[in-house]
Amino acid sequence: MTRGFIFKRAIVCLIVAGFLTSTAASAETVIKVGGSGGPLGSAKLLAKAYMKIHKGVSIKVLPSLGSSGGIKAVIGGAVDIALSGRPLKAEEKSRGAVETKYARSPYVFITHRQVNKESITIKEVEQLYGGKIKKWPDGKQVRLVMRPESDSDTKLLRSLSPGIDQAVLSAIRQPEMNFAVTDQDSIDMVMKIPGSFGGATQTQVLTEKLPVKVLALDGVQPKAKTMKEAYPIWKEFYIVTLGNSSEAAKDFAAFFSSPAGRKILAANGNQPL
């Protein structure tokens, strides 16, 4: 056997190996998920469980895009599934987006971990946003972390009471306010700013193991199992796909409402719907 023949055969083997590798890679189904930051931690756990039983599927959960950003991405084809903290608008539906409400999670009030406070009343929430409470019991300055007026979290917060509605509007208009665009931005600011006060969903705090202090509200600890009966404020989550989404994307979306998916959601600060 000549050296030239051996070399040619090696080249052929490399080409065939490369072809097989390329074919195997292209055979893997990739599903991209993006959107609101609150439910992304749970989505990662669901993706991990799903991929264990669907070996040919790879699910990529992207960093927070926000609800509107995720919906735009799914309509534009950049992601296969969007997770949203609000229902679709008529214009989004007209472009082929389809929503499914799958869970809700307590909306919790959080502070920097060094704030000397364990619980809060609805009246105190109003006073904090209204500027009547400016310092914590230990003398630290209260520093609010707000979301934009159009954000779904802001609308949810304003619905808690007429007094909070007016107080939040007043806070939004204050100069040099700390504003966060996404769920991740908001909770990052609460973690970093001494004396901070803001909001998040319980599922985000739990799944991301975030070092913030979660306050009881009017004596009720925010737990998904007690939310419906006693806890007064919660946020709903939606899966958004397209009518012509791939079968793989539709199947993973359906996994959220499967018995296995509901069990994962319930164990991580959600009440499955």
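User: In this predicted model, why is Glu124 called partly exposed?

Analyst: Its relative accessible area is 22%. Buried would need under 20% and exposed over 50%, so Glu124, at 22%, falls in between and gets the label partly exposed.

User: What makes the contact between Glu124 and Lys117 a salt bridge?

Analyst: The side chains meet at 3.0 Å, N to O. The cut-off for a Lys nitrogen and a Glu carboxyl oxygen is within 4 Å, so the pair qualifies. As for Lys117, a relative accessible area of 16% makes this residue buried.

User: How do you know that Arg86 and Glu92 form a salt bridge, and are the two residues buried or exposed?

Analyst: The closest N and O atoms are 2.7 Å apart, and the limit is 4 Å, so that's a salt bridge. Arg86 has 14% relative accessibility and Glu92 has 7%. Both values are under 20%, so both residues count as buried.

User: Why does Ser161 count as buried?

Analyst: Ser161 comes in at 16% relative accessibility, and under 20% is what buried takes, so the label holds. Ser161 sits in the loop between helix H6 (152–158) and helix H7 (162–172). Leaving aside neighbours within four places in sequence, Ser161 is in contact with Ile122 and Glu126.

User: What makes Phe109 and Phe197 an aromatic pair, and why is it called stacked?

Analyst: There are nine aromatic pairs in the structure. In this one, Phe109 and Phe197 lie 5.6 Å centre to centre, with 5° between the planes. Pairing takes centres within 6.5 Å and stacking takes planes under 30 degrees apart, so both tests are passed. The pair links distant parts of the chain, with Phe109 in strand S4 and Phe197 in strand S8 (residues 196–201), 88 residues apart.

User: How do you know that Phe109 and Phe197 are buried?

Analyst: Phe109 has a relative accessible area of 0%, and Phe197 also has 0%. That is under 20%, so both are buried. Elsewhere, Tyr50, Tyr102, Phe237, Phe252, Phe255 and Phe256 form one aromatic cluster.

User: Where does Arg104 lie relative to Trp234?

Analyst: Over the face of the Trp234 ring, at 4.5 Å from the ring centre.

User: Which residues of helix H3 are buried, and what do they pack against?

Analyst: In H3 (residues 67–76), the buried ones are Ser67, Gly70, Ile71, Ala73, Val74 and Ile75. They pack against strands S1 (29–35), S3 (81–84), S4 (97–112) and S10 (234–242), plus helix H4 (90–94). Just after H3, Gly77 takes a positive phi of about 85°.

User: What lines the largest pocket?

Analyst: There are 26 lining residues, and Arg86, Ser150, Asp151, Ser152 and Asp153 lie nearest the centre. H3, H6 and S10 each supply at least two residues of the lining. The volume of this pocket is about 530 Å³.

Notes. Residues are numbered from 1 along each chain as its sequence is written. This is a predicted model: local features need pLDDT of at least 70, side-chain atom pairs count only at pLDDT 80 or more; totals for chains, interfaces and linings use all residues. Side-chain values use heavy atoms; hydrogens and water are left out. Buried means under 20% relative accessible area, exposed over 50%, partly exposed in between (1.4 Å probe, protein chains only). Helices (H or I, at least four residues) and strands (E, at least two) are DSSP runs, numbered from the N terminus. Contact means heavy atoms within 4.5 Å. Rings of Phe, Tyr and Trp (its six-membered ring) pair if their centres lie within 6.5 Å; planes under 30 degrees apart count as stacked, over 60 as edge-to-face and the rest as tilted. A charge sits over a ring if NZ of Lys or CZ of Arg is within 6 Å of the ring centre and within 35 degrees of the ring normal. On a 1 Å grid over the protein atoms alone, a cavity is a set of points where a 1.4 Å probe fits but cannot get out, and a pocket is an open set with protein on both sides within 12 Å along at least five of seven lines; lining residues have an atom within 4 Å of a point. Grid points are joined across faces, edges and corners, and a volume is the space filled by probe spheres set on the points.
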